[in-house]
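This report covers selected features of strand pairing, backbone geometry and helix packing. The sequence and the structure come first.

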Amino acid sequence: MSSAGRDIAKAISHLNAGELVAIPTETVYGLAGNALDSTVVTKIFEAKQRPAFDPLIVHIPDPDKIQTYAVDIPQAAYDLADVFWPGPLTILLEKSQSISDLVTSGLSRVGLRCPDHELTLELLGYLSFPLAAPSANPFGYISPTTAEHVRRQLGNRVAYILDGGSCKVGIESTVVGFENEQAVIYRRGGIDRKSIARITGKTIEKIVSSNPAAPGQLTQHYAPRKPMRLGNLDELISEKGNRKVGLLLFEKSRGEQIEKILSPSGDVNEAARNLFAALRALDESEADIILAESVPEVGLGPAINDRLQRAAATSI
Ligand code: TXA
Ligand code: MG
């Protein structure tokens with residue numbers, strides 16, 4: 001089992017040796033390795049049991065590096081980077097030759113992101129290569145928002161876990177690209193659509209359930225092992241039969257024995273921060289089935305509801 005701590009020098013030496021290190025970001029923990037080394041990239045896919053058609057995000061220390069790893073960069077991409085980096089935004093751009101087809105799963109675009117976490121920014125600043133990093137969970141399972149989550153699931157697949165505490169955003173980055181000079185959101189995430197549109201003008205969303213052109217947005221994702229349903233809680237509870245339920249609630253308690261409240265103050269940002277840890281706790285609880293309600297469709301609400309829908313989609 002790998003060790004965990006705040007030792008950047010240790011993380012650097014493992015990464016320089018071609019090993020994998022779990023890194024903290026503001027969104028979720030990443031399973032990181034040298035993005036420019038094909039052997040390492042292959043190791044990431046293997047460790048995560050991730051299908052080869054699902055590309056990896058490349059993490060860079062500052063916006064200036066865009067030009068090293070991408071070409072034909074539209075002005076709007078620079079504008080987005082200016083405003084939101086470091087932060088929970090991944091920008092899809094035509095890849096430069098330094099990025100291999102392995103990282104992008106054969107697609108012509110690469111996803112670039114400058115994460116907003118002190119430790120990881122410092123780490124990236126010392127490295128001579130960018131870090132390819134998917135979320136540090138086994139493919140399809142709930143994303144990790146603490147070092148302990150990573151240790152329990154992938155602890156034997158990484159050389160070191162850089163422990164940066166709990167992730168302050170709690171859901172993955174928003175993925176944005178451009179088609180005919182129009183901004184397109186492919187994954188809802190830590191920056192809401194309105195904030196993106198303020199910079200780029202009109203945006204469209206192409207949030208698909210299962211399409212190799214925008215992989216990772218599979219219907220079945222972020223899923224607990226227990227069956228999960230999303231919808232009207234009164235109805236869901238009335239159908240529970242003799243099963244023990246675990247409730248995932250937005251704001252108010254329902255007085256059930258097993259329940260997790262995402263934000264007692266009714267704040268969607270707080271709900272995002274608590275989402276994956278709450279899902280995980282319910283998955284590990286005594287409950288036979290997880291019942292969840294949607295959160296309000298404001299701010300990060302749509303991104304949270306997207307995760308809830310995908311988490312519930314595995315359950316038939
Ligand atoms: O917040 C995040 O983005 C976290 C942290 C660790 O940075 N990373 C993350 O990575 O969520 P991952 O691999 O779990 O999800 C990345 C998703 C892919 O599944 C895919 O949908 C999209 O980003 N993506 C990445 N590169 C892409 C590309 N070249 N073309 C289309 N979609 C891409
Ligand atoms: Mg993921």
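The structure is a predicted model.

Buried here means a relative accessible area under 20%.

Strand 7 pairs with strand 4 (residues 57-59) in the parallel sense, over three bridges. Within this pairing, V58 stands opposite L112 of strand 7. Strand 7 also pairs with strand 6 (residues 89-95); these two strands run antiparallel and are joined by four bridges. Here R109 in strand 7 is the bridge partner of E94.

**Backbone details in loops**

| Residue | Angle | Location |
|---|---|---|
| P86 | omega about -10° (cis bond with W85) | loop between helix 4 (75-84) and strand 6 |
| E181 | phi about 65° | loop between strand 10 (174-179) and strand 11 (182-187) |

The peptide bond that joins W85 and P86 is cis. Is E181 buried or exposed? With a relative accessible area of 80%, E181 is exposed, because the cut-off for exposed is over 50%.

**Helix 10 and helix 11**

Two packed helices are described by the angle between their axes and the distance between the axes. For helix 10 (residues 268-283) and helix 11 (residues 301-313), the angle is about 20° and the axes are 9 Å apart. Angles under 35 degrees count as roughly parallel, and helix 10 and helix 11 are therefore roughly parallel to each other. The crossing of helix 10 with helix 11 is left-handed.

Which residues of the two helices meet? Helix 10 contributes V268, A271, A272, L275, F276 and L279, while helix 11 contributes G301, I304, R307, L308 and A311. By type, the residues of this contact between helix 10 and helix 11 are nine nonpolar, one polar and one charged.

Definitions and conventions:
Residues numbered from 1 in each chain as written. Chains lettered and ligands numbered in written order. Predicted model: local features only at pLDDT ≥ 70, side-chain atom pairs only at ≥ 80, totals over all residues. Heavy atoms only, no water. Pairing = 2+ DSSP bridges. Buried < 20%, exposed > 50% of the residue type's maximum accessible area, 1.4 Å probe, protein only. Axes fitted to C-alpha atoms, helices over the stretch in contact; angles between N-to-C directions. Parallel < 35°, antiparallel > 145°, perpendicular 65-115°, else oblique. Left-handed = near helix turned anticlockwise from the far one by under 90°. Contact = heavy atoms within 4.5 Å. Nonpolar A, V, L, I, M, F, W, Y, C, P; charged D, E, K, R; others polar.
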